[in-house]
Amino acid sequence: MNDSHQHRKLNTSSASHGASRTGGAASSTGRKINRSGASSASSSGAARNVYRAPSPAASRPAAPASGRTASRPAAASAAHASAPRRRKKKRGVLKTVLISLCCFFGVLAIGLFGLYQWVVRSISPEGGNPTINEIINTPTEYEKDVVNVLVCGIDYEEGRAYSGDGSNDGMTDMIMYVNFDVANHKINMLQIPRDTYPGEEYKHGNTGKINAVALHNDGIGSLMELIYEQYKLPVDYYVTIDMQSLKEIVDLFGGIEVYIPKDISYKGSTLEQGYRNLNGEAAEFFVRNRNYAQADIARLDMQRYFYQGLFTRIRTATVWDLAKLAPVALKYVETNIPMDELISMGVSFLKVDSANIMMCKLPTYSAAQRYNDQSHLICDVAKTTDLLNQYFRTYGGPVYELDVPTLATVGESTDPNVQYMGQLDTEAETAQTGGEG
């Protein structure tokens, strides 16, 4: 990283430059969960600097009122007879071209579908799906109307030892619960701060933080069960993404156009306010930085601007874009979503208007005391209950009591900051057309 007193602008471009590129679940009972294992994976992140006519009929002789034109000149008859042969030849060429095009696109479609199947099968977890108690799934009567997915970003940043043996196995530093109301074409997303206190029922490596649950128990399945047990939110599937993939995804897209709501500077790296095209390195700095008064809580709000830019870019992606992303998915993504369901969800996602995509965050307090010399956050149960009933429990009815563990707190809890993607779209468009940045 550069000298902290010499700020460097991030490698970004203005919007004008970027525009030229290609465009009710009841509580579970009577079950025993083995939480003694630990998940592991290996990869590495990189700490780095970031920058900134008449018609033919009119001239034709009129035909006799009756009888055949037997006395018509031979030349005229020959010309008349030859015309259909010329048309037949043209039609034959056209037919050949159309058949060739159909064959080409048919082979292309089969090839792309085959590639897609290969990718989807390849990102399924090794050794089969983790054992996840089916009781945490969305109730059967609603399963065609709503899908609930836990999306986690796993951080393998260098210099951070997470496991008891000092190895860097990664933590779920980005946790997002996604409620996809397929029937009504709506998506609601809940950001869960990584420092949220998970209680003592699940091991967390003495950190007092929810981001360590998957690592110190039975993998992502344990985190899914915690979300169901404590927050009463059903979970059908999971998707995990290695955070290291962020730079590659952004660069493969040729950058992502993002609105930066305010200047950001940290340890010699700077992002200036405005509508900008971020390359992979700049995007990583933007989503990782938490040099704010509210630290990680403010970072969650800032990350929404990147999600807005990413969603906009995905909606304009071509089959070639998706083909380029296939190796990244193979390397960095894991999911237990069946292939047919994944295809269906992708098609349904494209039908969702940005005005119907909502993002909010879990309301939390600061803990009154540090946990093993680490700061952590405590869920505001009352606010959270209202938030979940309003936006995430639209099927199955409300729940009035959560089993979220708490500790002594200080100050006021944070606001969930409910925002719709359409609002962020408007903010970005205003910045682009209004000349900000």
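Strands E3 and E4 (residues 171-181) of this predicted model pair in the antiparallel sense over ten bridges, where strands, like helices, are DSSP runs numbered from the N terminus (strands, E, of at least two residues; helices, H or I, of at least four), and two strands are taken to pair if DSSP finds at least two bridges between them. Within this pairing, Leu150 stands opposite Tyr177 in E4. Residues are numbered from 1 along each chain as its sequence is written. Because the model is predicted, local features need pLDDT of at least 70 and side-chain atom pairs count only at pLDDT 80 or more, whereas totals for chains, interfaces and linings use all residues, and side-chain values use heavy atoms, with hydrogens and water left out.

Strand E3 also pairs with strand E6 (residues 237-242), here in the parallel sense and over six bridges, with Ile154 placed opposite Asp242 in E6. Ten of the ten residues of E3 (residues 146-155) are buried, so the strand is largely enclosed by the rest of the structure; buried denotes under 20% relative accessible area, exposed over 50%, and partly exposed the range in between, for a 1.4 Å probe and protein chains only. In a regular strand the side chains alternate between the two faces of the sheet. In E3, Val146, Asn148, Leu150, Cys152 and Ile154 point one way, while Val147, Val149, Val151, Gly153 and Asp155 point the other way, and all are buried.

E4 and E5 pair in the antiparallel sense over seven bridges, and Asp181 stands opposite Lys186 in E5. The hairpin formed by E4 and E5 has four residues between the strands, and in it His185 takes a positive phi near 55°.

Residues up to four places away in sequence being left aside, Leu377 touches Pro193, Asp195, Thr196, Tyr197, Ile297, Thr364, Tyr365 and Ser366, contact being defined as heavy atoms within 4.5 Å. Leu377 and Lys209 are 168 residues apart in sequence, yet their C-alpha atoms are 8.0 Å apart in space.
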